[in-house]
Amino acid sequence: MSYEFEGKSIEADKNGYLVNAEDWTPELAVFIAKQEGIAELTQKHLDLIEFLRDAFFNNNGEQPNTRNIVKAMAEKWGTNIGQKDVYDLFPRDPSKQGARIAGLPESRRKGGY
């Protein structure tokens, strides 16, 4: 599979995860999000994407699960949130769909919470 974006073919695996994380750009994230049925990336979407990318690149490839995402976003946004709030942003699983849009490899861990 590949994404045809801005005149280039961006290689992805069969599940839509980028093969080369270096190919990722914020503009590509918007494009992938639209392919995923997310019409617009709000600041909350971008906060979650930034958190996932930071965890992966600055913590030895860490790929946070939904529980860790909820905790981090509650702290970042300064409000009490639940799992539903992050699923409202990324309905196909914040850790997996979010990672796909963030240009990260597919998580191999089991379980989502």
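**Group meeting: a strand, a helix and a cavity**

Glu4 is exposed, with a relative accessible area of 53%; exposed means over 50%, buried under 20%, and partly exposed in between, with a 1.4 Å probe and protein chains only. This is a predicted model, in which local features need pLDDT of at least 70 and side-chain atom pairs count only at pLDDT 80 or more, while totals for chains, interfaces and linings use all residues. Residues are numbered from 1 along each chain as its sequence is written, and side-chain values use heavy atoms, with hydrogens and water left out.

I shall begin with the surroundings of Glu4. Glu4 lies in strand 1; helices (H or I, at least four residues) and strands (E, at least two) are DSSP runs, numbered from the N terminus. Leaving aside neighbours within four places in sequence, Glu4 contacts Ser9 and Phe31, where contact means heavy atoms within 4.5 Å. Between Glu4 and Ile101 there are 97 residues in sequence and 15 Å in space, C-alpha to C-alpha.

In a regular strand the side chains alternate between the two faces of the sheet. In strand 1 (residues 2-5), Tyr3 and Phe5 make up the covered face, and Ser2 and Glu4 the uncovered one. Strand 1 runs antiparallel to strand 2 (residues 8-11), joined by four bridges; two strands pair if DSSP finds at least two bridges between them. Ser2 stands opposite Glu11 in strand 2. The two strands form a hairpin with two residues between them, and Glu6 in the turn has a positive phi of about 50°.

I turn now to helix 3. How does the span of helix 3 agree with 1.5 Å a residue? The 12 residues of helix 3 (residues 66-77) should span 16 Å, and the end C-alpha atoms are 16 Å apart, which agrees; the expected span is 1.5 Å times one less than the number of residues. Its buried residues are Thr66, Ile69, Val70, Ala72, Met73, Ala74 and Trp77. Among the elements covering them are helix 2, helix 4 (83-89) and helix 5. Just after helix 3, Gly78 takes a positive phi of about 65°.

A search of the whole structure finds one cavity of 30 Å³ or more; on a 1 Å grid over the protein atoms alone, a cavity is a set of points where a 1.4 Å probe fits but cannot get out, and lining residues have an atom within 4 Å of a point. The largest cavity has a volume of about 50 Å³, a volume being the space filled by probe spheres set on the points, which are joined across faces, edges and corners. Helix 2 (43-58) and helix 5 (94-101) are the elements that give two or more residues to its lining.

Technical notes: 1 Å grid on protein atoms, 1.4 Å probe; cavity = no way out; pocket = protein on both sides within 12 Å on 5 of 7 lines; lining within 4 Å.
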